[in-house]
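Thanks for coming, everyone. Let me put the structure up.

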Amino acid sequence: MADEILMSADDVKSTLINVAKKHFATYGFQGANLKDIAAEAKVANSLINYHFKDKEGLLHACMEPFARGRMEAVLRILGEPRSRDEIKVRVQLFAEEMLDGFSKDPYGFEIIEREIRAANPIILKIFENTMLRAFTAVVSFFEEAKNNGLLRNEVDPMIAASLMFVSCCDAARKDVLARKYYGLSFKDEAFRKKFADHIVQLFADGVLK
């Protein structure tokens, strides 16, 4: 293909991954077709096997960096909370990171959720090694905050962590609806920040002493 000749090997891999993410999010792993992915990427089918070995390898290449990036960011952001203000700052950074991750890679959360429901072993393993570790870190963050006397006694750290994750991930997944019906999108930096600000205020009023 003419377009393929102009692309470097790295460009071919990047293009295949970007197209494959859309197909995996739309059709699921089982429904996605490698020939369709190659056709949209404007490369030969054989290059998928060359770069990723098979469909499983392509899915892994699509999702492992995304999930690992979210985990590493969460682990970097969170630490032992020592004050009410510090909790607010770290929750703000967490929310902004999750929403920014979506704006840069809008299919990531959708693929993970869809393939976990389908019990896809590739995604389950990636999830356990990355996103689950990130979630566990958020639970520990709230547990330490409670031990330091910064949370209300009735607050359950596991539930607080779940609500914080869900508020960001689910909102990100609904971005297409917000864009269609309200003209809002997390691709807009100002809206991302405003949304993160609201999460901080709701958590500060709801869980902190």
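Start with helix α6, residues 84–104, and helix α10, residues 157–173: their axes come within 9 Å and cross at roughly 25°. Axes here are lines fitted to C-alpha atoms, over the stretch in contact for helices, with angles from 0 to 180 degrees between N-to-C directions. Helices are DSSP runs of H or I, at least four residues, numbered from the N terminus. So α6 and α10 are roughly parallel to each other, a label for angles under 35 degrees. Their crossing is right-handed, meaning that the near helix is turned clockwise from the far one by less than a right angle.

A word on the source. This is a predicted model, where local features need pLDDT of at least 70, side-chain atom pairs count only at pLDDT 80 or more, and totals for chains, interfaces and linings use all residues. Residues are numbered from 1 along each chain as its sequence is written, and side-chain values use heavy atoms, leaving out hydrogens and water.

Who touches whom? From α6 come Val 91, Phe 94, Ala 95, Met 98, Leu 99 and Phe 102; from α10, Met 164, Phe 165, Cys 168, Cys 169 and Ala 172. Contact means heavy atoms within 4.5 Å. By class, that is 11 nonpolar residues, no polar and no charged. Nonpolar covers Ala, Val, Leu, Ile, Met, Phe, Trp, Tyr, Cys and Pro; charged covers Asp, Glu, Lys and Arg; the others, Gly among them, are polar.

Next, helix α7, residues 108–117. Which of its residues are buried? Gly 108, Phe 109, Ile 111, Ile 112 and Glu 115. Buried means under 20% relative accessible area, exposed over 50%, partly exposed in between, with a 1.4 Å probe and protein chains only. Down the axis of α7, the buried residues fall within an arc of 165°, so they line one face of the helix. That arc is taken from the directions from the helix axis to the C-beta atoms. They pack against α2 (9–31), α5 (55–77), α6, α8 (121–129), α9 (131–147) and α10.

Now the backbone. Most residues other than glycine have a negative phi. Ala 119 has a positive one, near 60°. Ala 119 sits in the loop between α7 and α8, and is partly exposed at 47% relative accessibility. Lys 53 also has a positive phi, about 80°. Its loop lies between α4 (46–52) and α5. Lys 53 counts as exposed, at 65%.

Definitions and conventions: Helix = DSSP H or I, 4+ residues; strand = E, 2+ residues; numbered from the N terminus. Parallel < 35°, antiparallel > 145°, perpendicular 65-115°, else oblique.
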